[in-house]
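Hello,

Here is the structure I promised to pass on. Please open it alongside this note; my findings follow below.

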Amino acid sequence: MGRKLLLEHAHIPDIHTYEVYRRHGGYRSVEKALKTMTPDEVVEEVKKSGLRGRGGAGFPTGMKWSFLAKPEGVPRYLLCNADESEPGTFKDRYLMQHLPHLLIEGMIVSSYALGANTSYIYIRGEYTWLVFHLERAIAEAYAAGWLGKNILGTGYSLDLYVSPGAGAYICGEETALIESLEGKRGNPRIKPPFPAVKGLWQCPTVVNNVETIAAVVPIVNDGGEEYAKIGIGRSTGTKLISACGNINKPGVYEIELGLPVEEFLYSDEWCGGIKRGKRLKACVPGGSSVPILPQYLITKTANGEQRLMTYESLADGGFVSGSMLGSGGFIVYDEDQCIVRNTWNFTRFYRHESCGQCSPCREGTGWMEKVLWRLENGQGKMSDIDLLVDIAKKIEGNTICPLGDAAAWPVASAIRHFRDEFEWHVREPKLCLERNYGLAEEKTPAAPVQTA
Amino acid sequence: MQAITSNGTPFRYSPQALAEVQSLTKKYPEGCGKSALLRALHIAQEENGGWLSVAAMDHVAEVLGLKPIEVYEVATFYSMYNLQPVGKYVLEFCHTGPCAIEGAERLIEYAQCKLGIRTGETTPDGMFTIKEVECLGACGYAPMMQVGEFYHEHLTEEKLDQFIEDCRAGRVNKGTWKMH
Ligand SMILES: Cc1cc2nc3c(=O)[nH]c(=O)nc-3n(C[C@H](O)[C@H](O)[C@H](O)COP(=O)(O)O)c2cc1C
Ligand code: SF4
Ligand code: FES
């Protein structure tokens, strides 16, 4: 059993209510931070903890906080990113459902550290019931004196609000989130200026993921050094993983970073192995945007080392033979799944979600979807495969926001690892409409490549 | 992107909704009331039979002190806003990867055959609309659909049959965007 820092109390009945949450030690971190620490000391603990952003990019949170500009007389804002729309990711929803007060507690301590007196939780509109769930919890926190004016008599004041979106994956990108929170279309902004200097209403702003903010609570309670003892190297602490696809036990799990992927995938404590006794074909370990890995690169790296659930180990081999931890959306494919169809499906997603500002992303995702559709339906040409690689390359790095990259990587990695399956779709235009390319037909895994 | 539509029916918020929308703007600083627009549109859509007509958007603009175009450009951007009339129950099926590999596509076909409509269409009795949407953050409980405020997960043909029957019998609660 790994240690649980966030979900330790998630199973307790009515833990979503203030009374029960408080009885189990809730809001201790607010007392500690506001009464015994300066804001800078809180930032310092977060730095020591090594906590990295749980929204996908993995940027060190303490460092991000220290970049926040602090001009005199200008308000600063902390925004919680609860947009959670990356396919395969449903961990923030779980956390907010079971432990709304943990998020509120984290928001208070983090806002204090940043000197923010008004903070917002931007949540995807489809989580309608959670909007009200959070608002009820916030009302309880106000009533108990944890929010509002002069909290605990310390002179620190904070107002916290929930602001819903209305269905747009792109609003998870932090500058699009800010635009959306301002009541506009979710078009990402050109950076610089970065939100740390000019964010919400042109004021200095920090955007953090739900899980990142929740993790600040144990960090303040137990100290950054304690937190950093969990994990391996620069991957410290615990991480929520939402596991889905063809596995026996899909769900949200809190793991200690460093857990072997093999154990996570097969142990009954976690995913419980592949459903219906099938064999494993592929895995997307960090949400739809990260490269897909074939079965022989999931539990081991190209060098034959055990693959671990850490930022570094999952990325081992770079884009040649590695992937990314990303948002922790762990999608598992069994032998019956069609890689071409899945790649088409994801590309359709990115085409639909592109905000349309940059031509490489707007046009490129559309073209990739068309070409993948004809490949999947037995109307493709051999040259289509390289055409896809070429389009992906032209999108990558040429756009305002990383959605372009997120659309390009799944296509490029699927072709890199499953080119034979794409070729089969061209060679067998009739057969590919009847059945999928089986595991047994796959070429023997290429000889291990050197790590990039 | 869908075109905006007018069906000639006027729209005004109910007094309760109007008061709520006006209070929403207080969550944001002086002069930043536009931030309430997304939620104001959710409430308008609910009170306008599940979709946003030009009249509904114009009314929201008036209440929030915005130009109509500021409302149209937002309403046309976000996928939760319906710009055409819809049925009483909008069945929003997730069709993204993780749901697809757990049978979402077959289930959507089943729903289409059962109701005799394609995605985007409404049954002639005005009861059901089928909508396909992208990942709703329920991937581990696939396949799934959303109807109103609620998620229906681990969906099967039998569960869908039962749900449709419950809708017809008036036993289904869609939830609300108004304070509750
Ligand atoms: C297209 C796109 C979608 C994103 N979606 C989310 C999201 O749903 N939730 C999230 O926390 N971060 C998302 N991110 C990452 C955010 O831009 C940002 O890096 C993150 O919220 C920072 O918080 P963190 O440092 O705590 O991870 C997304 C990024 C991109 C480019
Ligand atoms: S990369 Fe795509 S989503 Fe991002 S700003 Fe450009 S067009 Fe919009
Ligand atoms: S893919 Fe259907 S809910 Fe995520």
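B:Pro143 sits in a loop of chain B, between strand E2 (128–133) and strand E3 (145–147). Helices (H or I, at least four residues) and strands (E, at least two) are DSSP runs, numbered from the N terminus.

Some ground rules. This is a predicted model: local features need pLDDT of at least 70, side-chain atom pairs count only at pLDDT 80 or more, and totals for chains, interfaces and linings use all residues. Residues are numbered from 1 along each chain as its sequence is written, chains are lettered from A and ligands numbered from 1 in the order in which they are written, and side-chain values use heavy atoms, with hydrogens and water left out.

Chain A has a cis bond too. It runs from A:Pro192 to A:Pro193, with omega near 0°. Look for A:Pro193 in the loop between helix H8 (174–181) and strand E4 (205–209) of chain A. Most residues other than glycine have a negative phi, and most peptide bonds are trans.

Next, two backbone angles. A:Glu84 is not a glycine, yet its phi is positive, about 20°. This glutamate lies in the loop between E1 and helix H5 (91–98) of chain A. Is A:Glu84 buried or exposed? A:Glu84 is buried, at a relative accessible area of 7%. Buried means under 20% relative accessible area, exposed over 50%, and partly exposed in between (1.4 Å probe, protein chains only).

B:His154 also has a positive phi, about 45°, and is not a glycine either. B:His154 is partly exposed, with a relative accessible area of 42%.

Now the strands of chain A. Start with E2, residues 118–123: this strand is mostly covered, with five of its six residues buried. Strand E1 (residues 77–82) runs parallel to E2(A), and six bridges join them. Two strands pair if DSSP finds at least two bridges between them. A:Tyr77 stands opposite A:Thr118 of E2(A).

Which strand does E2(A) also join through six bridges? That is E3 (residues 159–164) of chain A, again parallel. Here A:Ile121 has A:Val162 in E3(A) as its bridge partner.

E2(A), helix H7 (residues 128–143) of chain A and E3(A) make a right-handed β-α-β unit. Right-handed means that, with the strands pointing away from the viewer, the path from the first strand over the helix to the second runs clockwise.

Best wishes
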